[in-house]
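Please read the following points with the model open beside you.

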Amino acid sequence: MSNSYIDNKRIAKNTLLLYFRTLVILLITLYTSRVILNALGVEDYGIYNVVGGVVAMFSVISGALSSAISRFITFELGKGKTEKLSIIFSTSVNIQVGISLLIILIGEIVGLWFLNYQMNIPAERLVAANWVLQCSLLTFCINLISVPYNACIIAHEKMDIFAYVSILEAFLKLTVCFLILVSPWDRLIFYAILLVCVSIIIRMTYTVYCHKHFDESHYHFVFDKSVMKDMTGFAGWNFFTNSAYIFNTQGVNLLINLFFGVTVNAARGIATQVDHAVTQLVNSFTTAMNPQITKSYAAGRKEEMIALVCRGSKFSYFIMFVFALPVLMETEYILTVWLKIVPPHAVNFVRLAIIATMINIIGKTGYTACMATGMIRKYVLCITPVTCLVFPLSWIGFELGAPSETPYILYAIVYIGNEIIRLRMMKELLDFPILRFAKEVISRVALVTIISTIAPLGIVLLMEPSVARLFISISVSLTAAISLVFLLGLTNSERHVLVKYLFTKIKKVP
């Protein structure tokens, strides 16, 4: 039996496990977002969103190292060499602990100053905002130290455990929602403290599992100069890429706070929740596929890697598009039904956020392939100057009186340019066939998107908002998207495999 068949079967199995996890989390997230917004109120919800964003900006440091850890562990497994795994794991823990201490130091100095003297926070909620900052710092550092353990689970492709623990985390957060509803204390402060408790429980769960199943996850102090140099060097260049992303998201969140206040931050928080919920469906697929891309490169299976990148980009987009199209058509009505309080600008933010993410999602597997090479320096020097434009252009736009929706539009435009540059880099680093990508991915994605939108858009324009229109619009959107993906988005061989798989599953039903 070929390696390709075994790998594809593993990807399919892991994707289904992660879909189960994602659907559960999606339902819980949508419910908890509504409860939290109504329990805290628009103002406090906006405060938590923007103050938590200050802490999230430190992930520019941690995210670079997280990518390095995942890449090095997965790469060694792909080569079939496990003797260095223990050294890589222990070294990564050392690095993460060091970074955690650095982040706490920066947060206590720079974060406190920025929160108390620069941010647009109502005076009567400043004490609660400081509690949120402290709890967010602690939660962030706990999650940071969990990264090496998460990387081990994903690299070994134990997606069932990853799924179960994620579901546990979602149910714990659901419990948090009910607790703050009956809390006799300040709800915002109590919410921040409870999220710290959730992080501790999840951190211990990952640690116990890894200790029992992966030999390399038994930490011992080690200082291997060559491994440290390779990992920090890789992370150092990746730092610049992550910097652009953080400033384009959390940095823009701070700009919105400074120019428009916490109410608009609340709308951005809602948009982020909806966008994150839809994107999780795609992340389930890419999380299952990414290790195979890295392992294929490490094993020298170039054609298999190229096929995975093309298929991954196309399927990632289609998976998101099927769920995004109904939301885009009925955003206002869905938010009205879902939330008792719909913050101003939330409808526009949700639509623009989803569109921007759909553009960005096409390049995710290409990014993974570039990172697999380890030759990150040139990639970063070419990509980062483009991706970092969203933050300064948004700032200039706000100064000139541009509306709060401006960053989303800029994000979409900038990341189209980013995809073009990434393809050029893939050609140079991997001898990647750009024309093949254009034919197999871009043309099919564009065709399906344009044709699928016509019928549901007509319904929305011709009918008044109502439950009946919502039902018809969603039904038509899903039918159009799924059928056109099958007919125009898939190749003949992909359709054959899908039909065969579905018939096999149907026959097993008693």
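1. Of the 510 residues in the chain, 55% count as buried. The model is predicted, and this total uses all residues. The chain contains 18 helices and zero strands. Taking contacts between residues at least 6 apart in sequence, 84% join residues at least 24 apart.

2. Two packed helices are described by the angle between their axes and the distance between the axes. For helix H9 (residues 302–329) and helix H17 (residues 467–489), the angle is about 160° and the axes are 8 Å apart. Angles over 145 degrees count as roughly antiparallel, so H9 is roughly antiparallel to H17. The H9 and H17 crossing is right-handed.

3. Which residues form the contact of H9 with H17? On the H9 side they are Lys314, Phe318, Phe321, Val322, Leu325, Pro326 and Met329. On the H17 side they are Ser473, Ile474, Ser477, Leu478, Ala481, Ile482, Val485 and Gly489. By class, this contact has 11 nonpolar residues, three polar and one charged.

4. The length of H17 can be checked against its residue count. At 1.5 Å a residue, its 23 residues should span 33 Å, and the end C-alpha atoms are 31 Å apart, which agrees. The buried residues in H17 are Arg469, Leu470, Ser473, Ser477, Ala480, Ala481, Leu484, Val485 and Gly489. Among them, Ser473, Ser477, Ala481, Val485 and Gly489 also belong to the contact with H9. An α-helix has 3.6 residues a turn, so residues three or four places apart point the same way.

5. The pair formed by helix H10 (residues 331–338) and helix H11 (residues 346–361) has axes that come within 9 Å and cross at roughly 120°. H10 and H11 are therefore oblique to each other. Their crossing is right-handed. Thr331, Glu332 and Leu335 in H10 meet Ala346, Val347, Val350 and Arg351 in H11. The contact of H10 with H11 divides into four nonpolar residues, one polar and two charged.

6. His345 is found in the loop between H10 and H11. Its phi is positive, about 75°, although His345 is not a glycine. With 35% relative accessibility, His345 counts as partly exposed.

7. Asp431 also deserves a look at its backbone. It has a positive phi of about 55° and is not a glycine. Asp431 lies in the loop between helix H15 (406–430) and helix H16 (434–462). At 44% relative accessibility, Asp431 counts as partly exposed.

8. Not counting residues up to four places away in sequence, Thr139 touches Leu195, Val196 and Ser199. Thr139 and Ala192 are 53 residues apart along the chain, and their C-alpha atoms are separated by 9.0 Å.

9. Ser199 sits in helix H6 (residues 187–213) and is buried, with a relative accessible area of 7%. Leaving out residues up to four places away in sequence, Ser199 touches Thr139, Ile142 and Asn143.

10. His156 is in the loop between H4 and helix H5 (159–181). It is partly exposed, with a relative accessible area of 25%.

11. Gly98 is located in helix H3 (residues 85–117). Its relative accessibility is 38%, and Gly98 counts as partly exposed. Gly98 and Ile145 are 47 residues apart in sequence and 9.7 Å apart in space, C-alpha to C-alpha.

Definitions and conventions:
Residues numbered from 1 in each chain as written. Predicted model: local features only at pLDDT ≥ 70, side-chain atom pairs only at ≥ 80, totals over all residues. Heavy atoms only, no water. Axes fitted to C-alpha atoms, helices over the stretch in contact; angles between N-to-C directions. Helix = DSSP H or I, 4+ residues; strand = E, 2+ residues; numbered from the N terminus. Parallel < 35°, antiparallel > 145°, perpendicular 65-115°, else oblique. Left-handed = near helix turned anticlockwise from the far one by under 90°. Contact = heavy atoms within 4.5 Å. Nonpolar A, V, L, I, M, F, W, Y, C, P; charged D, E, K, R; others polar. Expected span 1.5 Å × (residues − 1). Buried < 20%, exposed > 50% of the residue type's maximum accessible area, 1.4 Å probe, protein only.
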